[in-house]
Amino acid sequence: MELIEVQEGKAKILIPKAESIYDSPVFYNPRMALNRDIVVVLLNILNPKIVLDALSATGIRGIRFALETPAEEVWLNDISEDAYELMKRNVMLNFDGELRESKGRAILKGEKTIVINHDDANRLMAERHRYFHFIDLDPFGSPMEFLDTALRSAKRRGILGVTATDGAPLCGAHPRACLRKYLAVPLRGELCHEVGTRILVGVIARYAAKYDLGIDVILAYYKDHYFRAFVKLKDGARKGDETLEKLGYIYFDDKTGKFELEQGFLPTRPNAYGPVWLGPLKDEKIVSKMVKEAESLSLARKKQALKLLKMIDQELDIPLFYDTHAIGRRLKIETKKVEEIISALREQGYEATRTHFSPTGIKTSAPYEVFIETIKRI
């Protein structure tokens with residue numbers, strides 16, 4: 001396996017030389033550097049001590065945790081023999097010391113403890129019951145096969161970071177796959193990225209409730225080709241019950257672009273999309289801190305990270321939005337620029353902002369009829 005060296009953040013790693021990232025014997029996706037930047041920023045604020053990158057591949061994520069965050073004990077894990085051997089080399093490329101290896105596990109002890117593990121992620125997490133303060137699940141595709149075990153391996157007030165890259169099911173192109181994996185009916189169309197994000201958070205909430213756990217959403221977003229959610233677990237059956245109360249359904253009229261929301265565990269009408277999370281998608285105080293923290297850190301994609309975080313920080317945190325282009329096509333009206341519509345809505349006393357889910361979308365407290373009247377008038 002021919003290797004080349006790349007730099008990401010403060011980490012130097014070796015990756016296999018390949019024509020395509022999908023042909024590589026050990027997966028490394030440079031486009032996910034922004035994903036890793038965001039979690040590095042978050043961990044610098046939340047300060048979890050024992051963290052796990054459950055599906056490490058080259059080890060880049062866990063190595064960045066060790067180099068760029070206050071974490072004291074960092075676990076890197078992968079089931080692939082090639083990945084395990086490469087992780088060991090990459091750890092030694094970035095840290096001084098001696099690796100002590102025994103039975104598929106290598107440990108480097110210094111200022112921080114780094115554990116490199118060769119095993120199935122579910123087996124590792126099952127063995128480390130209630131051990132980790134933070135677990136990051138970043139699989140190729142759906143995270144669902146790892147979610148149950150991660151919820152048992154995290155401390156009862158721990159934090160989960162969950163990535164889903166299977167956009168087709170979550171965006172409604174493959175609705176049966178979404179039903180099968182996420183136990184939810186997806187919505188295809190201009191709202192799919194936000195609905196997919198809310199489906200992901202919703203299924204985390206339902207799985208957590210089985211273990212008498214609730215969740216608070218720290219940050220959930222969509223970017224490029226993936227959905228991302230960070231949640232803090234809340235201990236107790238009552239917390240689980242309170243969390244489930246934030247689930248609900250969406251009713252969407254494809255002819256007009258109008259949507260309605262219904263709170264509740266089961267829908268009361270046909271043609272409902274969900275269940276989805278109808279609660280907040282961010283902790284406003286933490287996201288504001290993340291913006292300031294990102295400005296001070298040496299990130300791999302600093303400009304992109306700041307742009308995304310600032311937009312989310314300013315975004316109105318309510319379910320769903322109106323897409324000006326899609327509604328304009330439906331109603332055969334010419335719409336003005338997004339900022340002009342936002343200004344007109346605010347002049348009428350309504351809240352209105354852009355949304356990171358769509359460059360032509362507007363989140364607003366204005367009713368649908370007011371929104372339509374506004375875009376027709378200006």
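E245 is exposed, its relative accessible area being 55% (exposed means over 50%, buried under 20%, partly exposed in between, with a 1.4 Å probe and protein chains only). The model is predicted: local features need pLDDT of at least 70, side-chain atom pairs count only at pLDDT 80 or more, and totals for chains, interfaces and linings use all residues. Residues are numbered from 1 along each chain as its sequence is written, and side-chain values use heavy atoms, with hydrogens and water left out.

**Surface patches**

- E245 sits in the loop between α9 (237-244) and β12 (247-252); helices (H or I, at least four residues) and strands (E, at least two) are DSSP runs, numbered from the N terminus.
- Together with D212, D241 and E242, E245 forms a patch of negative charge on the surface.
- Patch residues have over 30% relative accessible area and no salt bridge, with like charges joined within 9 Å and nonpolar side chains (Val, Leu, Ile, Met, Phe, Trp, Tyr) within 5 Å; a salt bridge is a side-chain nitrogen of Lys or Arg within 4 Å of a carboxyl oxygen of Asp or Glu.
- Y22, F27 and F140 make a nonpolar surface patch of about 380 Å².
- F27 belongs to the loop between β2 (11-16) and α1 (33-46) and is partly exposed, at 31% relative accessible area.

**A buried glutamate**

- E68 is part of helix α2 (residues 60-68) and counts as buried, with 9% relative accessibility.
- The E68 side chain reaches the backbone nitrogen of K10 at 3.0 Å.

**Helix α7**

- K181 is found in helix α7 (residues 175-182) and counts as partly exposed, at 31% relative accessibility.
- K181 and Q314 are 133 residues apart along the chain, and their C-alpha atoms are separated by 32 Å.

Key. Areas by Shrake-Rupley, 256 points an atom, 1.4 Å probe, with all protein chains shown as cover. Lys, Arg positive; Asp, Glu negative; His and termini not counted. Charge placed at Lys NZ, Arg CZ, Asp CG, Glu CD. Polar contact = N/O pair within 3.5 Å; in protein donor to acceptor, adjacent residues only side chain to side chain.
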